[in-house]
Amino acid sequence: MKKTILLLAMLLGMVGLLIACGGEEAGEGKSETTENEGGTGDTGEVGEKLDPVTLTWYLIGTPQQDLELVMEEVNKYTEEKINATIDLRLLDWGEFDERMQVITTSGENYDIAFTSSWANNYALNARRGAFAELNELMDQYGKEMKELIDPAFLEGAQIDGKLYAVPTNKEVGQQAVLSFNHELVEKHDLDISTVNSLTDLEPLLAVIKEKETDVTPIATFDAYLPFDSILQEEMPFAFRLDGNTDEVVNKYEEEVTMETLKVMHDYYKKGYIRPDAATSTDSWPLETPNWFVRKELYQPYAESVWSRSAGYEIVTRPLHEPYVFNNSVTGSMQAISTTSQNPERAMMFLNLLNTDPYLRNLIDKGIEGVHYEENADGSITDLPVRVERYNMPSFAIGNQLILKLYEDDPADKWEAFEEFNEKSIPSPALGFYFDSNPVRTEIAAISNVTSEFSPALLKGAVDPEEFIPEFNKKLYEAGMQDVLDEIQRQYDEWKENQ
Amino acid sequence: MQRLKKFGRNIYDNRIWLLMILPGFVWLIVMKYLPMVGQVMAFKDFRFHPDGFFASVYHSEWVGLDNFKFLFSTNDAYLITRNTVLYNLVFIILGLILAVGVAIILSELTKQKLAKIYQTGMLFPHFLSWVVVSYFVFAFLSVDRGLFNSVLEMFNIEPVSWYNESAYWPYFLIAISQWKGVGFGSIVYLAAIVGIDRTYYEAAMIDGATKWQQIWRITIPMIMPLIIILTILNIGSIFSADFGLFYQVPRDSGPLYSVTNVIDTYVYRGLMSMGDIGMSTAAGLYQATVGFLLILLTNYIVRKIDKDSALF
Amino acid sequence: MDTLPKSAASTKRKRFLPLRKKKKFNPYGFSGKTSVVMHILLGSFAFLCVFPFIYVIIISLSSEQSLSLHGYRIIPEEWSLEAYMYLWQVRSQIFRAYGVTLFVTIVGTILSVSVIALYAYAISRKQFLYRKQFTFIAFFTMLFSGGMVPFYIVMTQFLGLKNSIWALILPMTVNAFYIIIMRTFFQRSVPEAVLESARIDGAGEFRIFLKIVLPLSIPGIATIALFNTLAYWNDWFNALLFIDNPSLVPLQSLLMRIENNLDFIRQNAMLSSQNGSILASIPQDSARMAMVVIATLPIALSYPFFQKYFVRGLTIGSVKE
């Protein structure tokens, strides 16, 4: 018994030591936080009228070691401008959704939260009353920002005429592209300029399959289908992009789906796709050149970003014109919670964040001289410490078009974004947000049927002529028609009010 | 008044015992019973209210049993219930036999040093998360890189696309679950066996009982109460499945759904696109209620047979 | 398992065994042939259990390049220590996580075993008038719980435990399942006669509990302690719910976060244009496996510590019920 106690005591001692060692760095940051009261002064006219407040801001992204250090600088600035300090909390990618659901449902007080079509779902939360309406607040405290953000965002993100979050100004359109491993293109002297669709790939894939035994021609992807999907991408309900665009359809009943998936399955049978495509979780890292073609979503100059992280050249071919979908306008936004005690101040902060290049760059890139260096021409270079200690998710924070450019970025990068946004075509159901509540029982069942069939079909792993009819049969058994009717009803109603 | 007085005296008489249960009791009230009010969400169409959770619950509309509908509405309802119950029955029975068997063998092994090494080894799978187990299983079952197909190839047998063939999966899942659970499951029985009074065995040996007879006549009867209690408790979770085993290990492969879709995976997939808290609460409540009724029934039967072995 | 009856039957001969235990020979164990069969049986099963872990170690020692080209192999194309070098680079984070895990596990286990043992002992005694009610109160929580959100509200808004190390300890302190197992142990291994004689000697119930009951129930206590230790060590969910502060994140949670991130990014095609920058912050396959190794090995090897208490002869043999 004595021995056991001794052992425990030793263990506990060790633990204390470990925590003490680990805690050092965190402690250092803290000690500096408090002494930044003064410093108001010239821009003080707003600051003097407002009471000091702290805004809690939940953002998606891996927690960063230097966050505290940077936020101290941020707070100096925001205190001066709007007399608010920002308590930025990063929640990791994989847990953001679940955490935010618990936080909102429990009614916890917070001010700002990241929301989007793919994490902390914008439409669902807005409909259920988690987010404050922003139209008036924005007219009052966010005029500058309203002018800067592409109107396509502000219009497309409105649910029944009300805006519930501030969209991040970035590429508004969504465009699927095929990207190619340029080394292989050159080596086999292939002509990719004629590739405009999945079908056009055939001759190229055949060459790669024959001559490059170590390369899988296709880095597993879901076939591109020309629809504007309601709810998730793989769910069956959708509007057509051409033809009769006012009618909601089951995309798995459409001819184009069958044709595309047949091609996909043909590629699968020919061995262009991994035999395990449907079940493998390979992430196909860019650094490993064991692929020839893959599908990605494009933004201007994406190929240079990809080439940089791959370490070899990557070239792209578009599969379609860029479209503005609900999913793309709500791709990255900041919402103000209905539980917020200071919605006005939160709006002021978002306005500042989206219009003030100093603040925007500070939160994104860190502190000059610590995390990055500014070059003579105004471009910047990351210091190694930034990648390790302050690697922030740029697209999730705010207006991207006021960010500083890297030395190897093209000087007209942001102009290209604007151009890209201008030529993006609004999709038929842009701004129509389906309320799934009346048919939630059916959707739960359809969700199950979809996850049973769609991954294997979209990746080409099974024969569509056999499986699509079965898929559709099960979809209708699960209540497909009721859901289609409900969507059509809501859509017609919405359309009338436009 | 009389009754109240008696109650007061009873409390006083039992004060020492009440004191013992106090810390645990407070914990149960705060951490388990207090949050139970949340079950009411199962009957509401949950909407947020700026005044916090209770206001949200209060202002949300009653929808009766609407949130439960999705569990029963389709043909899948039968399938997922059947899968969940059958797998769990197999897990309970097989798990019991294997865990008790292993515990008995371990306790009877000569060379206890080796026995301890086996025991430690058998506990290893308990530490691997289902995600890691699924990587490992994939290394065996992958079509082109898997160990199984390489072996088949050696014998010139056509490779099998394992993740598309539902026929094999009930066996895989049962084997994997037992592999992961036996080491852990046998610990408690082993502890019970080593606690058995040794004089019983000594007496039996003097009477000339064989090892086999000793196991049947002494060991098993002595650990029977524990076996019964654990089995009753396991029956309570017969409507809940181990999500990781049925979702991660088969890699969410569609062609396998007929044998891998269980209530928990169905609920997860169904609510993925909606995140409806009312519906997920309803699913949990349904599973718990059925489990509760089954436990009461089992306990009732056990009590008829042997009052001392019952749970309560 | 079929071999059990057969082999046991083959040893059907009378054996008179010495009652004194000789070293190296366990008179209570199986005899010759059966013993060999059982050793082979359990030995090979144990190997099957350890094998995936060996495999995990192998992957952690493979080069990343060979993993993405050829997938996981039993014998990798190319060995490499890069995964462990990566872990060494982030050692401050890992050591801190180890510290948190150890603290939570040790404090949690001690607290948990004390509370559970007291509760279970009370409801195991026939003298306790309300034993049935309190058994039921505990049992009921095994099935019905409030769900995540109400629990979260209790923890954060009533108890104020967000970002506190107690948020990792308190949620798992009591477990009705363990209470009921422990109750069964107390009922079986503590004969009433022993307690009666102690009571006659004038000992108080707490004293009896400490001096007589606990020593008699060491295998049971050790089992519950082991279960708690494993549960605390493996827990990642509470950290996910309650901990934002990176210096309070336990080891398993660190690992789980990485897995969750990977999963999330794979499932979100929307992120593909940003993939490069996000994926860059996630450790690669071999590094993740190396983390599995360092998160699992210490706890798995701690088992012998508990095994010490799973030994025969701790019960008082002379008194029978």
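**Ground rules.** I number residues from 1 along each chain as its sequence is written, and I letter chains from A and number ligands from 1 in the order in which they are written. Since the model is predicted, local features need pLDDT of at least 70 and side-chain atom pairs count only at pLDDT 80 or more, while totals for chains, interfaces and linings use all residues; side-chain values use heavy atoms, with hydrogens and water left out.

**Chain C overall.** I began with the secondary structure, taking helices (H or I, at least four residues) and strands (E, at least two) as DSSP runs numbered from the N terminus. Chain C has 17 helices and 0 strands. Of its 321 residues, 57% count as buried; buried means under 20% relative accessible area, exposed over 50%, and partly exposed in between (1.4 Å probe, protein chains only). I also looked at contacts (heavy atoms within 4.5 Å). In chain C, 70% of the contacts with a separation of 6 or more come from residues 24 or more positions apart.

**Chain B against chain C.** How many residues of chain B are in contact with chain C? I find 100, and they touch 108 residues of chain C. The area buried between the two chains is about 10200 Å², and carbon and sulfur atoms give 76% of that. Buried area here is the accessible area (1.4 Å probe) that two parts lose on being put together, summed over both. On the chain B side, Trp17(B), Met20(B) and Phe127(B) lose the most area to chain C, together 8% of what that side buries.

Next I picked H14 (residues 277–305) of chain B and H6 (residues 131–143) of chain C, which pack at about 135 degrees with axes 9 Å apart. Axes are lines fitted to C-alpha atoms, for helices over the stretch in contact, and angles run from 0 to 180 degrees between N-to-C directions. H14(B) and H6(C) are therefore oblique to each other; under 35 degrees counts as roughly parallel, over 145 as roughly antiparallel, 65 to 115 as roughly perpendicular and the rest as oblique. Ala288(B), Gly291(B), Phe292(B) and Ile295(B) meet Phe136(C), Phe139(C), Phe140(C) and Leu143(C).

**A helix pair within chain B.** H6 (residues 130–141) and H7 (residues 147–154) of chain B pack at about 15 degrees, with axes 4 Å apart. That makes H6(B) roughly parallel to H7(B). Ala139(B), Phe140(B) and Leu141(B) of H6(B) make the contact with Leu147(B), Phe148(B) and Asn149(B) of H7(B).

**Two single residues.** Is Gly107(A) buried or exposed? Gly107(A) is buried, at 12% relative accessible area, and sits in the loop between helix H4 (93–105) and strand S3 (112–115) of chain A. Beyond its neighbours within four places in sequence, I find Gly107(A) in contact with Thr339(A), Gly52(B), Phe53(B) and Gln157(C). Tyr309(C), in the segment after helix H17 (303–307) of chain C, counts as partly exposed at 24% relative accessibility. Its C-alpha lies 31 Å from that of Ile94(C), 215 residues away along the chain.
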